[in-house]
Amino acid sequence: MAAAEPTHADADALDLAEVLAALGHPARLEIVRRLASGEEAFCGEVVPDLPRSSVTHHLRTLRESGVICQRPEGRRQYLALRRDDLERCFPGLLALVLR
């Protein structure tokens, strides 16, 4: 079975207000900081200790806003920060947020 394609918003459809709203929550900002190395990680490695329903909500918000991409593989969900797309659309934003 081939690996599933990543699920995330199209880079051309990224909206600054949605990205900023997604980054405005402390738990989501912590997830982004943990993904800042650029390496893909499964959600158990980067998600703060939160109830499962909260984790689902925060990951969906980050994914739908275009901040992260999520790739299923088997029973795990792998996450990656969309650094290149965000930098192309909003130059310098991540550097400011990740200070």
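Mentor: The questions below set each term against its cut-off. Keep in mind that this is a predicted model.

Trainee: What makes the chain as compact as a globular protein of its length?

Mentor: Start with the layout. The chain holds 6 helices and 3 strands, in the pattern α-α-β-α-α-β-β-α-α. Its radius of gyration is 13 Å, and the globule rule gives 13 Å for 99 residues, so the chain counts as compact for that length. Its C-alpha atoms fill a box of roughly 35 × 30 × 20 Å along the principal axes.

Trainee: How do you know that S1 and S3 pair?

Mentor: Pairing takes at least two bridges. S1 and S3 (residues 76-81) are joined by 2 bridges and run antiparallel. Phenylalanine 42, for one, has tyrosine 78 of S3 as its bridge partner.

Trainee: What makes S2 and S3 a pair?

Mentor: The same cut-off, at least two bridges. S2 and S3 have 6 bridges, in the antiparallel sense. Here arginine 71 has tyrosine 78 as its bridge partner in S3.

Trainee: Why are S1 and S2 called edge strands?

Mentor: Look at the order, S1-S3-S2, in an open sheet with antiparallel pairing. Strand S1 (41-42) and strand S2 (68-73) each pair on one side only. That puts them at the edges.

Trainee: Which two strands form a hairpin, and how many residues lie between them?

Mentor: S2 and S3, with 2 residues between them. Glycine 74 sits in that turn, and its phi is positive, about 65 degrees.

Trainee: Which helices lie across the strands, and at what angles?

Mentor: Helix H2 (residues 26-35) lies across S1, S2 and S3, at about 80 degrees to S3. Helix H4 (residues 52-65) lies across S2 and S3, at about 115 degrees to S2.

Trainee: Which element gives the most to the lining of the largest pocket?

Mentor: H4, with 6 residues. H4 and S3 each supply at least two. The pocket has a volume of about 260 Å³. Lining residues have an atom within 4 Å of a pocket point. Among those that line it are Cys43, Arg52, Val55, Leu59, Gln70 and Arg76.

Trainee: How does that lining divide into nonpolar, polar and charged residues?

Mentor: Into 3 nonpolar, 3 polar and 5 charged. Arg52, Arg60, Arg63, Arg75 and Arg76 are in the lining, so they belong to the charged group.

Note on methods. Residues are numbered from 1 along each chain as its sequence is written. This is a predicted model: local features need pLDDT of at least 70, side-chain atom pairs count only at pLDDT 80 or more; totals for chains, interfaces and linings use all residues. Side-chain values use heavy atoms; hydrogens and water are left out. Helices (H or I, at least four residues) and strands (E, at least two) are DSSP runs, numbered from the N terminus. Contact means heavy atoms within 4.5 Å. Axes are lines fitted to C-alpha atoms, for helices over the stretch in contact, and angles run from 0 to 180 degrees between N-to-C directions. On a 1 Å grid over the protein atoms alone, a cavity is a set of points where a 1.4 Å probe fits but cannot get out, and a pocket is an open set with protein on both sides within 12 Å along at least five of seven lines; lining residues have an atom within 4 Å of a point. Grid points are joined across faces, edges and corners, and a volume is the space filled by probe spheres set on the points. The radius of gyration is taken over C-alpha atoms; the globule rule is 2.2 Å times the number of residues to the power 0.38.
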